[in-house]
Amino acid sequence: MSNEEKIIKYFTKNYNKIGDDCAYLSQTKQLISSDTLVENIHFDLKYFTPKNIAHRLFTANYSDIQSSGGKPKYVLLNLSFPNKNFRFVNKIIKNFHRYCLKYGIEIIGGDTTASDKIFLSLTIISDAINKNKIIKRSQAKINDKIYTFSGIGYSKLGFMNIYKNLKLPKDISALSKKQFLSPKIYTYYDLFKKIKLNSCMDVSDSLLSTLRSISSQSNKKIVLNNLLNINKKLHGYSKNDQHYNSLILSSGEEFVPVFSSPMDLLKFNNKESFKKRGIKITCIGHIEKGQGVHLKNFNLNKVKTFDHFKNNYSAL
């Protein structure tokens, strides 16, 4: 169990609103979530521009509210930075403001303080949503199919491309760097309202970590059986299935949802509303009675997922 998981477990035992991507405030009928970006942990000033940092901060929080079924509406922005970085941080603020305007989100407050490096913390709040419309991690049902959006894998490959100087084909190199530095922003909260979903969570630390959380909190077994369709381009690049599976399962900060449903959702790929937003749903497995995440002929325990307190993300 990671340090992050230990902290979450402690608070989960003492407070019943903790455990999903968002907490639900019943009095105001709103979802609320918070995320933090730290210099030299989530970004550095060598490769990330102010726009890249603003983009990542926005996307991480925007994704959390949506994966719980809500419409992002308000944010509180907290900034800590050295005085020497004011101009750089001011550019982050202006770019972040542009994203809020573009996606209809209002900045309603925050805080600033001095620090030895840049810290950015964002709290995001949804529009009003009835409790029975919230999508939780803990409600996956036996015989549900497990789905996600296609394209996972580029973020981690981009990280390795930049920091490990991988030799990649030009098209894959460009796609991976773009996804790592500026993850694609999907808007899907309104589309999910039209679909019967039993559980959902967004991919932050990794696809495998997300699946394990859904399995644990739903007390169900997840059987993976079709990872190929997640990213056929990367499958063609990978030297073998083991390498491909490790990359797909360990890629973090993809900010796409993983969700379960009793319905066949692949038919929605033909809907214009999904196509025009660049969303392609792929089925990667199903739910059974039992525990844990399983993939035939593959040892999931060897997959190196992101850990905020360890420097092991570059491993496959």
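A charge is taken to sit over a ring if NZ of Lys or CZ of Arg is within 6 Å of the ring centre and within 35 degrees of the ring normal. The structure is a predicted model, in which local features need pLDDT of at least 70 and side-chain atom pairs count only at pLDDT 80 or more, while totals for chains, interfaces and linings use all residues. Residues are numbered from 1 along each chain as its sequence is written, and side-chain values use heavy atoms, with hydrogens and water left out.

**View 1. Arg56 over the face of Phe180.** Arg56 lies 5.0 Å from the ring centre of Phe180. At 4% relative accessibility, Phe180 counts as buried (under 20% relative accessible area, with exposed over 50% and partly exposed in between; 1.4 Å probe, protein chains only).

**View 2. The aromatic cluster that includes Phe180.** Phe43, Tyr47, Phe48, Phe159, Tyr163 and Phe180 make up one aromatic cluster, where rings of Phe, Tyr and Trp (its six-membered ring) pair if their centres lie within 6.5 Å, planes under 30 degrees apart counting as stacked, over 60 as edge-to-face and the rest as tilted. The rings of Phe48 and Phe180 have centres 5.5 Å apart and planes at 70°, so this pair is edge-to-face.

**View 3. Strand β10 and its partners.** Six of the eight residues of β10 (residues 281-288) are buried, strands (E, at least two residues) being DSSP runs numbered from the N terminus. Strand β10 pairs in the antiparallel sense with β6 (residues 145-149) over five bridges, and with β8 (residues 221-224) over four, pairing requiring that DSSP finds at least two bridges between two strands.
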